[in-house]
Amino acid sequence: MEALMHVGFQSRVYSDPINPSSRSRSWKSPSIVMESRRSNLTCIRAQQSGTRDGALVATPTSDSVVEELKCKDWEIGVLKDEIAATQGIRIRRRPPTSPPLHYVGSYEFRLQNEGNTPRNILEEIVWNKDTEVTQMKEKYPILSLKKALENAPPPRDFLGALKASYLRTGLPALIAEVKKASPSRGVLREDFHPVEVAQAYEKGGASCLSVLTDAKYFQVNTDYIMFALTNMDGILMLMLRFFVYLKGSFENLEAIRNAGVKCPLLCKEFIVDAWQLYYARTKGADGVLLIAAVLPDLDIEYMLKICKMIGLTALVEVHDENEMDRMLAIDGIELIGINNRNLETFEVDISNTKKLLEGKRGETIRQKDILVVGESGLFTPADVAYVQEAGVKAILVGESIVKQKDPTKGIRELFGKDISS
C-alpha cells in the first residue's frame, strides 16, 4: 500500500507522512507475514524456452542491486494485494505470479498465463496504470513536483462550487465530464476539442468539470487496442504500446485551465500512487478521484492527508455496500461518489444509488455532512430526479451530454430546464 513505505522491515506502526511524530493504528509486522511466504516468493528470472508449449525455465537472478530491488518491489506488491483482499478489494495492483520477466527499454513484458492475465477490465486498467506511473516517476521525481507546486495555479474550491450550485438551483450540481472515449462505449465524440467542450459546459451551467486524463483507455479506440494486444507480439506490440503511451491527455487539463474556464477541475484518473496527486495539482487540478474498489483504507487515509496538504478536493468513489461502509468509517471524507456502473462488468443500474443511501448509511452521511455525487446512467430529467430524491446533491455526467452536437443544449435536456442562470 502507498502508506506502507518499508514493508519488509519490522515496522509495527503506521506513521503519518506529514507529521512523522504522530502514530496511529498498530498492526502485525508485514515482515512476519512475508517470512511465511519466503519459500514460494523466491525471486527468479524466467525465460521462455524454445519449446512449443512455452514452458518457463527458471534461472537464478544476478546479485545486482537493481535485481534485488525488483524482487523486493514484487514481494511488496504481493503483500499489498493480500492486505487489500481482507477489506473486500478484489482488484490486484499488478500481476501476482512472478517478478518482472523481460524489459525492453521502459516497457515490461510478461508471458500470458492464468495468473498474469487481468480478471476484468478494471484490473487491466490498474495494471497498466501501475506500469505507466512507474515510468512517469522516473521522468518527474517527487521532489521536482513539489517544487513545481510553487508555480501551480491556486486551487479552486471544488466542494464549495457544488454546494453553491445546489443552493442556487435546488437541483443537483453538475460535474460535466470532458472526455473523448470510454472503455465501455468506445469513442463518444469524434470532433473532440476539449477546450470548446469545457466552455460549452460552463456556459450551460456546470458547476465543476471532470477531465479524463487516462491516455490509454479514454483517448483511443480501446476495442481495437485490446484486439491488437491480444493478437500481436514482439516488435509490433512494442510499437503499439509506444503509440498508446504517447497519447497524453493531461494536456487537456492544462489547456482547459489555461483557457480561462472558471469551473473547478477534477482530474479523473486511476490513482494508484500518491505521486499522481502531486502531478495532478501541478497540471492545474482542483480535485482528484480516489476509487475505493482499488485503494485500501490505509491508502485512502494517506492520500486524503496529501490532498488536504496540497489543496486538492478528493472525490471518493464507491460501488457497493462494503465500499460505502469502509469509507464511512474513515474520518475526513467530505465528498462521496456513488458509481452506478459495475467497474468489473460495466453494467449500469441507477437504483444502486438509492440502495446505498438507505437506512443507517444515509443517516451517517447526513450526520457527517458528506455531499453525495451520483455517477453513471443519468440521461433524462427523470433519472436526475430519481437520484436527487435518494439523497444526491450533485451528479457527474459525461456520455449523455458530450455526445450532443451542442453540449450546452445537452445540459438543458438532461435537467429539463436551463440551469445556467
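Predicted model: local features only at pLDDT ≥ 70, side-chain atom pairs only at ≥ 80, totals over all residues.
Q: Which residue of strand 13 is the bridge partner of Leu289?
A: Strand 12 covers residues 287-291 and strand 13 covers residues 313-318. The two run parallel and are joined by 5 bridges. On strand 13, the partner of Leu289 is Leu315.

Q: What percentage of the residues of the protein chain count as buried?
A: The chain holds 18 helices and 16 strands. A residue counts as buried when its relative accessible area is under 20%. Of the 421 residues, the buried part is 53%.

Q: What span should helix 3 have at 1.5 Å a residue?
A: Helix 3 takes in residues 121-139, which is 19 residues. Its buried residues include Leu122, Ile125, Trp127 and Val133.

Q: How are the rings of Tyr140 and Tyr279 arranged: stacked, edge-to-face or tilted?
A: The count of aromatic pairs comes to 3. Tyr140 and Tyr279 form an aromatic pair with 5.7 Å from centre to centre and 40° between the planes. Planes under 30 degrees apart count as stacked and those over 60 as edge-to-face, so the rest are tilted. With its 40°, the pair of Tyr140 and Tyr279 is tilted.

Q: How many residues apart in sequence are the parts that the pair of Tyr140 and Tyr279 ties together?
A: Tyr140 lies in the loop between helix 3 and helix 4, whereas Tyr279 belongs to helix 11 (residues 275-282). Tyr140 is partly exposed at 28% relative accessibility, and Tyr279 is buried at 8%. The separation in sequence is 139 residues.

Q: What kind of pair do the rings of Trp275 and Tyr279 form?
A: Trp275 and Tyr279 are 4 residues apart in helix 11, or about one helical turn. Trp275 counts as buried, because its relative accessibility is 5%. The ring centres of Trp275 and Tyr279 are 5.0 Å apart and the planes are at 15°, so the pair is stacked.

Q: Which residues do ring pairs link into a cluster?
A: Tyr279 has a tilted pair with Tyr140 and a stacked pair with Trp275. Phe250 also belongs to the cluster. The linked residues are Tyr140, Phe250, Trp275 and Tyr279.

Notes
Residues numbered from 1 in each chain as written. Heavy atoms only, no water. Pairing = 2+ DSSP bridges. Buried < 20%, exposed > 50% of the residue type's maximum accessible area, 1.4 Å probe, protein only. Expected span 1.5 Å × (residues − 1). Phe/Tyr/Trp six-rings, centres within 6.5 Å; stacked < 30°, edge-to-face > 60°.
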